[in-house]
Protein chains: 2
Amino acid sequence: MESLEDLALGPCTASPYLRPLRLRYRQNGVSKTWDFMRTHDSVSILIFNTSRQCFVVVKQFRPAVYMSEMAQHCPQDFERNCLENWCPLECHLPASVGVTYELCAGIVDKPELSLEEIARQEVLEECGYEVPLASLQRITSYRSGVGVAGSKQTLFYVEVTDEMKTGKGGGQPEEGELIEVVEIPLRDWMSFAFDETFPKTMGVMFCFMWFQNNIAPKLPTKSE
Amino acid sequence: MESLEDLALGPCTASPYLRPLRLRYRQNGVSKTWDFMRTHDSVSILIFNTSRQCFVVVKQFRPAVYMSEMAQHCPQDFERNCLENWCPLECHLPASVGVTYELCAGIVDKPELSLEEIARQEVLEECGYEVPLASLQRITSYRSGVGVAGSKQTLFYVEVTDEMKTGKGGGQPEEGELIEVVEIPLRDWMSFAFDETFPKTMGVMFCFMWFQNNIAPKLPTKSE
């Protein structure tokens, strides 16, 4: 899927994205500290295309997932002191080990928009479907990265038809997004969800299962 | 549940826990950088007590979740320049907003142990049940924090009985762990899972639903 070249690992002293903070507190009389990071809350959307009875998810290269695999397979690259100097990465894994399947999603960074409005924008930008705001159904919310970030993720469900497809999706290339839209036929959901050779987020697995329990029983039976 | 006092927020320039790294790479001909963090892989275990037909989960105060709520409700505390100086937090939310329900879990930091062995240790340390290694059933794995960490989380299922309870659980107080073991009756699973006033991880919700689809149909019916 991807060509990946010239990898190098280096220090990151003042990341605009990752800024650790430290909390000091006393819990039940005991003084403690905890290092954490502020991250944005987010929305994720399970999209089901009723015209072709398939889920619409996205697939993209995730550097953090790739490097987590590298740390397993090429630990020597992490033993050199990359916290101080740039080190080219000699050992190479295929880019595919860092490609994950995920729900269409976006961060909550526009205080003037509701979660539903942000979700609607992401469905259009990432997957190319124009959906009415009222068609977004809230599933639930949960906490992610409870050790480090603890941000709130809200899940939505939306049904789309081929007629609602007004764009190609793929994210915002000007922001470096390189997102591939992928359709998973309804009948394949379980083999996909539990096949560990497709790296994926918990969100995808949870929502597929939620769909089976809550939506599938109400679907009109389709003659094929 | 908790008394929480003397909160202060401050800079965290060289955290031993959170160490951002930067990856430089060329993807399909385009040069990019991505900031990420190395974190440990982890295991989580869905525990079902067959003696009393309940799930056994853990509950603990999570500073990162608490601070994510603080950022929402007391943004002024984050606007001061806490990246450079320590700032006492004047606005106060109850500790309960940072208390989350989670699966029994642990990080994979002992290369000499299998995932099952680490899972077995966590079930004992956190929840007090001594389980045979062979009784741990792998559910699946997924990627968490795909933007920042991308580590691999593996889920297990294990059944316990009251006779297997050999300790109190609660984690390792000497490492500052303060974990409360909580039992969720099987019949209450759905109201618990979808009640957003109980902050929880996706792992809990996914596994409860997995249990309903995969284990519940095979349970012997119990006369009460």
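Residues are numbered from 1 along each chain as its sequence is written, and chains are lettered from A in the order in which they are written. Because the model is predicted, local features need pLDDT of at least 70 and side-chain atom pairs count only at pLDDT 80 or more, while totals for chains, interfaces and linings use all residues; side-chain values use heavy atoms, leaving out hydrogens and water.

**Charged pairs**

Side chains of opposite charge can pair when their charged atoms come close. A salt bridge here is a side-chain nitrogen of Lys or Arg within 4 Å of a carboxyl oxygen of Asp or Glu. By this rule, there are 18 salt bridges over all chains. Three of them are in the table.

| Pair | N to O distance |
|---|---|
| A:R26 and B:D6 | 2.7 Å |
| B:R22 and B:D35 | 2.6 Å |
| B:R62 and B:E102 | 2.8 Å |

Let us take the pairs in turn. Helices (H or I, at least four residues) and strands (E, at least two) are DSSP runs, numbered from the N terminus. Residues are called buried under 20% relative accessible area, exposed over 50% and partly exposed in between (1.4 Å probe, protein chains only).

The salt bridge of A:R26 and B:D6 crosses between chains, from strand 2 (residues 20-27) of chain A to strand 1 (residues 4-11) of chain B. A:R26 is partly exposed at 26% relative accessibility, and B:D6 is exposed at 53%. Elsewhere, a network of salt bridges links A:E5, A:D6 and B:R26.

The salt bridge of B:R22 and B:D35 connects strand 2 (residues 20-27) and strand 3 (residues 30-37) of chain B, with the two residues 13 residues apart. B:R22 is partly exposed at 23%, whereas B:D35 is buried at 6%.

In the salt bridge of B:R62 and B:E102, B:R62 lies in the loop between strand 5 (54-61) and helix 1 (63-73) of chain B and B:E102 in strand 7 (residues 99-102), so the pair ties together parts 40 residues apart in sequence. Both B:R62 and B:E102 are buried.

Which order do the strands of the open sheet have? The four strands run 3(A)-2(A)-1(B)-6(B), with antiparallel pairing. Strand 3 (30-37) of chain A and strand 6 (87-88) of chain B each have a single partner strand, so one side of each is left without a neighbour in the sheet. Two strands pair if DSSP finds at least two bridges between them; strands 1 and 6 of chain B pair over two bridges. There, B:A8 stands opposite B:P88.
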